[in-house]
Amino acid sequence: MIVLKSAAELAIMREAGRIVARVLEAIREAARPGVTTTELDALAERILEQHNARPVFKGYTFSEEIPPFPATITASVNEELVHGIPGSRRLREGDLFTADCGCLYNGFVGDAAITIGIGTISPEAQRLLDVTNEALAVGIAAAKAGNRIGDVSAAIQCYVEGQGYNVVRGYGGHGVGRTMHEDPHVPNYGRPNRGTLLRPGMTFAIEPMVLQGKKEVITLEDRWTVVAKDGKLTAHCEHTIAVTDNGAEILTTL
Ligand code: MG
Ligand code: MG
């Protein structure tokens, strides 16, 4: 079931989104060679506290067999596509580092992610990063009232594959509201003019997850970290958006 948000609810979601954007900007500033991903996680937690927001990833689980996620952000480096657990790993010059953060503020969720180049990165890594950011822009541009979810999915897939990369299949965007994962699912692949019709008041996360190599991924023994099976580079970025009468409004922005 898709829940349309009122103007008052959207105002709160804008606040939640701004808090997440502040977290990610602080991480962008702090993510340097030598910094550990746990230090970045602690920074995120402090900023959420300062804004009376709660992390939504911490304690999250989707199955009794999976241990609850232990941190405020997910921290995924290089071949790690999504859901990396922050730890003692130090970022190194040339890494591609992805931070994803979700917060709950005043009853509503904001969810966004960025991939950052650490220090000087290779031209190949920079191109992957640029394509991933542009894939998000292309997806957001397709999120117009009257279009369908399939138009967003197809726009992302078509752009990414046209650049010689792949999108992952088993993970994607999702409705966002009072909880982090609502309907509809927003795959990064699909066919135009299919799926749910987009209407003003719908709010969902668009999150291209792009692989430099093949599209197959595996989950590590920690039960969370999803990595490219071929070990090649990956990137991921995300905004929560609202469908309006005039295109998509990005909620997770300053
Ligand atoms: Mg996210
Ligand atoms: Mg998300």
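Biologist: Does W224 count as buried or exposed?
Modeller: This is a predicted model, in which local features need pLDDT of at least 70 and side-chain atom pairs count only at pLDDT 80 or more, while totals for chains, interfaces and linings use all residues. Residues are numbered from 1 along each chain as its sequence is written, chains are lettered from A and ligands numbered from 1 in the order in which they are written, and side-chain values use heavy atoms, with hydrogens and water left out. Buried means under 20% relative accessible area, exposed over 50%, and partly exposed lies in between (1.4 Å probe, protein chains only). W224 has a relative accessibility of 6%, so it counts as buried.

Biologist: How many aromatic pairs does a search of the whole structure find?
Modeller: Rings of Phe, Tyr and Trp (its six-membered ring) pair if their centres lie within 6.5 Å; planes under 30 degrees apart are stacked, over 60 edge-to-face, and the rest tilted. By that rule, the number of aromatic pairs found in the whole structure is 2.

Biologist: What kind of pair do F62 and W224 make?
Modeller: Their ring centres are 5.4 Å apart. Their planes stand at 90°, so the pair is edge-to-face.

Biologist: Is F62 buried or exposed?
Modeller: F62 has a relative accessible area of 53%. That value makes F62 exposed.

Biologist: Which residues do ring pairs link into a cluster?
Modeller: F69 and W224 also form an edge-to-face pair, 5.2 Å centre to centre with 85° between the planes. F69 is buried, as is W224. The cluster linked by ring pairs holds F62, F69 and W224.

Biologist: Which residue bridges the magnesium ion (ligand 1) and the magnesium ion (ligand 2)?
Modeller: Donors are N, O and S atoms within 2.8 Å of the metal (3.2 Å for Na, K and Ca); water is not among the atoms, so sites may look incomplete. Ligand 1 is coordinated by D100, D111 and E238 at 2.0 to 2.6 Å. Ligand 2 has D111, H174, E207 and E238 as protein donors, at 2.1 to 2.2 Å. The two ions lie 3.0 Å apart, bridged by D111.

Biologist: Where does H174 lie, and where E207?
Modeller: Both residues are buried. They are 33 residues apart and link distant parts of the chain. H174 lies in strand β7 (residues 173-175), and E207 in the loop between β9 (203-206) and β10 (209-211).

Biologist: In what order do the 3 strands of the open sheet stand?
Modeller: Two strands pair if DSSP finds at least two bridges between them. β10 and β13 run antiparallel and are joined by 3 bridges. M209 stands opposite H236 in β13. The order is β6-β10-β13.

How values were computed: Helix = DSSP H or I, 4+ residues; strand = E, 2+ residues; numbered from the N terminus.
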